[in-house]
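Here are a few friendly notes to read alongside the model. Please have the coordinates open as you go through the points.

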Amino acid sequence: MGNTQLWKYCTTRQCQDFILSLRLIPGGEKMSREKQLACLYTLSNQGIKNYRRVTIAKKGGGSRQLLVPCGLLKAVQRNILHHVLDERPVSPCALAYRKGTDIRANASAHLGKNKVLKLDISHFFDSILFPRVYGAAFPDTLFPPAAAMLLTSLCCCKERLPQGSPASPAISNLVMRPFDEYMEGWCREREITYTRYCDDMTFSGSFDAPALITKVRSYLEAMGFSLNEKKTKLLTEGVRQSVTGIVVNEKLQVSRDYRKKLRQEVYYCRKYGIEAHLARIEAAEGIRWDKERYIGSVLGRLRFVLQINPQDEEFARYCRDWKEQYLG
């Protein structure tokens, strides 16, 4: 039976019942079915009016533009995530936006390899268009067409997947599933390890780098994506190999620069006192920290070092001393 025939005998009311069964509107059980449906369709038709632009700084410099949905649409998108998308299978190679995975798991897959190739997808979320969201996240094998169209409209803005929606990360993994599965199989045959963390793809092992890059580029272009050629990096055994910010040459470890800066902060706070250190930061960098927030920030970074390398005795001692001194 073709996909278009699967919902052939689904009436308009049955399709509406299907939509309402997803429990998308918070407190919707207190509303009439007509009001719930009207609310959802209104949200789906307002487009950019439902969003505000937010600019955030990137760790490596520059900035990133987010489209953040209004409160009600964000709640609806979060319910789409939890009631519709969470249980959908994605490739095990996709290590972002999934329970039980993190950047440590992504990095550990590439530990101790002689070559590490890092590739980046340009404008990842902006390149995921309405038809691909419809086909990957809400296919007509699982959803009546009218329901799939509504769900896609609720998750897209200006015909694209907005970075800033709580549903977008899970949808991106569903969109990338064919690519992930194909590349995983292709790489496995050649004893290459492949993982993807959002728009960052990492390959490790022994391989012909130009041939691998060509393979990846051609598949991505067929899907409407393009490589960010400026971020292509081939790291050999003789240089520091880092994956999602974690060094993987011999053991998992955050970078030397990260550890050095954090070590200095702990030292200055211990020697001069935290208030004096924060005053120095404000005078030198123009950054004003709330004391309690700064204490939490340093503790979080110390714990991050230990999350990556639990055997790091130096930073385990810093962490213990910090908590004793500032958190009692």
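1. Strand β4 pairs with strand β5 (residues 200–204) in the antiparallel sense over 5 bridges; helices (H or I, at least four residues) and strands (E, at least two) are DSSP runs numbered from the N terminus, and two strands pair if DSSP finds at least two bridges between them. Thr195 stands opposite Thr202 in β5. Helix α8 (residues 168–189) packs on the sheet and touches β4 and β5, with its direction at about 165° to that of β4 (axes are lines fitted to C-alpha atoms, for helices over the stretch in contact, and angles run from 0 to 180 degrees between N-to-C directions).

2. A word on the basis: this is a predicted model, where local features need pLDDT of at least 70, side-chain atom pairs count only at pLDDT 80 or more, and totals for chains, interfaces and linings use all residues. Residues are numbered from 1 along each chain as its sequence is written, and side-chain values use heavy atoms, leaving out hydrogens and water.

3. The open sheet of 4 strands runs β4-β5-β3-β6 with antiparallel pairing. Because β4 (193–197) and β6 (233–236) are at the edges with a single partner strand each, one side of each has no neighbour in the sheet.

4. Another open sheet, of 3 strands, has the order β7-β8-β9 and antiparallel pairing. Within it, β7 and β8 (residues 246–247) pair over 2 bridges, and Val243 has Ile246 in β8 as its bridge partner.

5. Finally, the axes of helix α11 (residues 274–285) and helix α12 (residues 291–308) come within 11 Å and cross at roughly 95°.

How values were computed
Contact = heavy atoms within 4.5 Å.
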